[in-house]
Amino acid sequence: MRTSWCIALLLPVACMGRIGDPVAPEDAPGTPRADDPKAPPGTPVVSACDAESSPASPATTRALTPTQYENAVRDLLQDPGFTPTFDDAAPVLTERGVRQLRNDAEAAVERRGLWGAGVIPCDATGPVDDACASEVIARLGRLAYRRSLTSEEAAWLDGVYRSARDELGFEDAVDVVVQVLLQSPGFLYVNEATGAPGVRALDDHELATRLAMFLWNSIPDEALLVAAESGELTSGGLRDQAKRLLESPRAEPTIQRFFAEWLALNGTPLHDSLEAAMKDAERFPEYDAALVRSMRAEVEHLVRDVVSDGGSLSDLLTTRRAHVDAALADLYGLEGEGDVELPEGERAGLLTRAAFLAVYASPDVQSPIRRGVFVIEEVLCRPLGEPPPNANDVPVTGGTVYDEMGGEVVRSVRQDVEARTGGGGTCVACHSVINPAGFPFEHYDAIGRFRERELGTDLPIDTAGQLTYSDVNGPIADAVELSATLAGSKQVRDCFTKRWLSTATATPIEHLDRCAVERLTARIDANTSVTDLILDVIESEAFSHVVQQEAP
Amino acid sequence: MKSLENSGRRAFLRGACGAALALPLLELTHGKAFAQQSATLRFLTFFEHGGTLSNMGTRSFYDGTSKHHGLDHWRPSSPSEALELGPLMASLEPFKAKLNVVQGIDNRAAMAQDQYGRGGHRLSNVTSLTCATTTSPEPDRPTSLGPSIDQVVADRLNAMQPARFTNLHLRVNGHNYGTPYFRAAREAVSGEANPRAAFDSIFAGVTTSGPDPEQVRLQSRRQSVLDGLLGGYTAFKAKVGASDRHRIDAHFEHLRALERELEAVDLTPSCVVPDRPESTTSAEVVGPLQVQLIVAAIRCGLTNVANLQIADILTPWTTAGTPMNQPRGHSLGHQAREVGPTGADAAKHDGWVAEMSDNRKWRMGLMKQLVEALDDPDFMEGDRTILDNSLVLYTSEFSNASQHVARNLPILLAGSAGGQLSTGRNLEYNTVRAADPSSNGYDSTASTHNLYTSILHLFGGDDDHFGNDDAPSRGPLAGLI
């Protein structure tokens with residue numbers, strides 16, 4: 001929808017007023033935000049925090065995500081080959097999702113022979129062994145519930161086992177009790193919405209669950225459970241455990257997913273994933289599944305390389321280090337493959353890499369509008385609000401078009417964007433901010449190749465742009481300068497930090513506690529490594545505290 | 001610990017399934033006339049996302065002299081009340097006498113809640129079957145605060161004519177801005193997009209031969225698991241904060257739905273379990289398979305209500321293909337306002353019309369397959385076909401997606417809901433055109449609220465109104481029934 005917002009009708013669009021409107025709900029806790037985007041320049045910064053502040057994240061009862069469910073079942077049953085069908089990420093599980101969970105539980109017990117030794121500490125096909133069943137309930141229950149079962153819970157599962165044993169026999173009863181555990185509320189839901197209204201500190205077991213769900217997308221392992229049981233996490237041991245989890249290869253998918261989602265490589269309501277993005281075969285004969293895999297792999301390699309090397313967000317935005325295969329090297333205009341330096345003056349970090357550029361493009365041409373919106377909304381955290389209803393998402397392609405008088409003209413993409421969004425229409429209010437943030441990327445075509453003249457029109461490229469509504473406002477020459485400018489911005493750093501805090505606490509970014517954000521971002525500077533930033537997030541008050549809202 | 005509450009509830013469910021027990025209650029709640037209705041009724045919805053090939057504008061129809069094209073391929077070819085099908089519905093010609101096309105219906109819930117008074121993508125979607133107030137002001141992700149019409153009808157029909165599934169929901173997957181289907185407030189429905197998974201959830205264990213011992217064992221195990229879970233969720237609910245309790249309530253209800261599937265089914269004599277389809281994601285293959293599954297489930301008596309939801313997909317396999325080279329159906333729809341004589345894409349007019357027309361005809365082709373199968377004379381119910389005993393609602397969130405306007409929605413009704421609805425009609429609620437069919441003017445006070453109130457009446461309700469208070473008037477659509 002945001003490819004072209006051409007507006008021809010006279011509508012009460014107050015885009016200037018809408019730019020940067022915070023999307024925080026009216027009931028967001030805390031005092032007015034220090035960085036209120038609506039505040040005119042020069043307004044003194046008012047802190048969201050005072051001595052009385054007790055930052056916390058909203059307490060919720062939430063189902064495991066499909067990824068968390070898959071990892072958790074694999075860990076619980078020590079069955080790494082198990083692949084469930086559950087894919088329901090709706091805020092309220094659907095009937096289809098609950099049916100999938102039933103089918104997955106049935107499929108999981110079908111694989112009993114493949115489970116790790118000791119998951120069932122006796123012969124399930126042998127004679128009735130009530131002690132064994134009790135052990136299964138206690139052991140799997142503790143792992144699944146991320147704490148020891150209460151006596152009520154244990155009695156409930158024991159009752160399930162006994163009635164199944166009497167009706168179906170021992171083997172089926174063991175299967176039934178495991179199936180019940182895999183679909184039980186204590187396993188499937190993270191329930192932090194307990195207790196009286198107000199702020200409370202999470203206990204050790206809740207912290208262990210948050211930590212494992214965040215960094216491993218799974219249940220805590222034995223070492224983390226033991227740490228929780230000995231009260232370590234609430235007495236200074238949280239960072240050490242977090243460090244241990246973060247250093248494990250199991251944290252890598254979490255980090256990769258964070259960046260893939262940030263760059264929207266997996267698709268959004270507005271565009272397809274990198275793998276599903278269509279490109280015009282005549283214009284881009286080299287674009288095939290193998291090249292797409294290389295693009296994806298390159299970004300993953302870059303993230304792994306910089307993060308494991310202690311790099312910062314600034315490094316991610318500016319480094320020219322890359323790991324490419326022959327096809328991608330060709331796209332970058334290089335000979336050879338492997339570890340390379342991308343051409344100086346043409347490339348910088350993440351935002352100048354092919355994967356990002358190909359996703360933020362139409363099948364034919366680059367999309368300065370979508371790229372500009374990304375910079376403003378996703379890098380600077382300045383929401384633009386909904387486009388007006390007569391906004392158009394037909395990609396602006398340039399080339400031969402008809403002008404206002406009906407005459408044929410040839411326009412570059414940039415010229416076409418300016419013609420369609422400028423003039424006296426209401427478009428210009430938003431697009432005077434969006435377009436100049438996207439034009440610096442004009443050198444890169446729809447698959448991210450660097451061009452001096454535009455593909456299709458052969459018109460010269462103009463990358464001059466401008467940043468507004470940021471703490472680094474000013475003219476921008478091209479994407480390399482844009483990357484360097486963004487890398488030096490506190491607003492960008494804060495935005496990145498908020499995104500991590502949102503992921504860590506399963507809280508939408510607009511619901512984050514402002515004071516928590518303020519105290520956390522005060523600890524982060526330009527040199528803070530991504531790893532330390534994640535650890536700081538985990539040590540922040542919003543990670544360890546929840547606020548229970550009044551009952552509606 | 002076998003919960004007494006559960007055992008008691010199960011006994012009640014089994015007992016209450018008998019029609020003799022259920023009917024007096026229904027007379028009280030749903031009116032006497034309906035309780036005497038003997039035919040099994042069905043309600044189906046066919047939702048195509050992204051609107052249709054229409055020249056609907058914000059307040060009037062485009063005349064084809066501006067940036068926008070001037071074509072309306074949805075509109076019946078004659079303004080007469082006797083229905084003459086327009087170009088998109090040409091394939092439905094053999095069933096014309098069993099159809100109604102209803103023009104001039106607006107979605108006033110979307111229009112009233114949109115800051116621009118039009119509807120917009122997300123609001124139009126979440127209100128198009130719910131007529132509900134939404135969780136604005138969350139412009140990016142509004143969710144409905146009421147159930148969709150299919151769910152309301154399904155619950156009522158299921159109380160009168162119990163079936164294994166209260167409601168089936170199958171999809172052709174792709175991009176669209178939110179779902180119009182809601183089971184309850186904030187609770188979107190999601191259906192199967194893979195025909196194999198759909199088959200497995202509908203027909204697993206359904207057999208017209210005797211009971212299979214392996215199946216009986218599976219059922220017993222499932223019952224044990226569900227008994228355990230229902231007890232567990234009841235206990236858990238008490239420990240969840242009020243703001244999130246609806247999630248656990250919904251989970252509990254879904255488990256109960258799975259439990260109901262374990263009840264014995266009286267399959268209809270004509271039930272034919274279809275072959276297990278391939279696992280596929282190709283829309284071209286998925287669409288017809290989903291239609292076949294819905295038809296088979298209805299013929300077997302497994303459900304009274306079914307939904308087929310078609311995302312705003314592109315259709316490269318049609319004759320016209322995808323010459324516009326748009327990345328998704330949404331952009332193809334938007335291009336409508338660039339292909340008129342003064343539009344930037346004027347030169348692409350014919351190509352755009354060909355692609356859009358073939359795309360929408362493919363979707364309508366699925367409707368044709370559905371209608372044809374339901375009307376199959378080999379599956380008569382007395383002197384009526386299943387189609388005669390059904391109402392199929394075909395609609396979309398827009399008429400013309402390029403303007404984001406939820407006015408003059410495409411509404412096609414098939415079947416007469418057991419002879420209650422006269423068919424073969426073209427009903428015009430646009431008062432300007434009703435007076436002067438050649439006009440491009442538009443004015444209407446009829447809303448989907450009114451249409452769905454009428455639909456509730458067809459299924460036995462005597463409801464005063466469906467949905468929120470955004471409609472200009474309450475009550476059913478005058479002149480429909």
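Author: Welcome! A helix axis here is a line fitted to C-alpha atoms, over the stretch in contact. Keep in mind that this is a predicted model.

Reader: What makes H3(A) and H9(B) a crossing pair, and at what angle do their axes cross?

Author: The axis of helix H3 (residues 95-110) of chain A comes within 9 Å of the axis of H9(B), and the two cross at roughly 65°. The crossing is right-handed.

Reader: Which residues of H3(A) and H9(B) meet there?

Author: From H3(A) come A:Glu95, A:Val98, A:Arg99, A:Leu101 and A:Arg102; from H9(B) come B:His251, B:His254, B:Leu255, B:Ala257 and B:Leu258. This contact holds 5 nonpolar, 2 polar and 3 charged residues.

Reader: Why is the pair A:Asp272 and B:Arg328 called a salt bridge?

Author: The rule asks for a side-chain nitrogen of Lys or Arg within 4 Å of a carboxyl oxygen of Asp or Glu. In this pair the closest N and O atoms are 2.6 Å apart, so A:Asp272 and B:Arg328 meet the rule. Across the interface of chain B and chain A, 9 salt bridges are found.

Reader: What makes up the side of chain B that touches chain A?

Author: Helices H5, H8, H9 and H11 and strand E5 of chain B each supply at least two residues. H8(B) gives the largest share, 13 residues. By type, that side has 24 nonpolar, 26 polar and 18 charged residues.

Reader: How much area do chain B and chain A bury between them?

Author: About 6000 Å², with 54% of it on carbon and sulfur atoms. In this interface, 68 residues of chain B are in contact with 70 residues of chain A.

Note on methods
Residues are numbered from 1 along each chain as its sequence is written. Chains are lettered from A and ligands numbered from 1 in the order in which they are written. This is a predicted model: local features need pLDDT of at least 70, side-chain atom pairs count only at pLDDT 80 or more; totals for chains, interfaces and linings use all residues. Side-chain values use heavy atoms; hydrogens and water are left out. Contact means heavy atoms within 4.5 Å. Buried area is the accessible area (1.4 Å probe) that two parts lose on being put together, summed over both. Helices (H or I, at least four residues) and strands (E, at least two) are DSSP runs, numbered from the N terminus. Ala, Val, Leu, Ile, Met, Phe, Trp, Tyr, Cys and Pro count as nonpolar, Asp, Glu, Lys and Arg as charged, and the others, Gly among them, as polar. Axes are lines fitted to C-alpha atoms, for helices over the stretch in contact, and angles run from 0 to 180 degrees between N-to-C directions. A crossing is left-handed if the near helix is turned anticlockwise from the far one by less than a right angle, and right-handed if clockwise.
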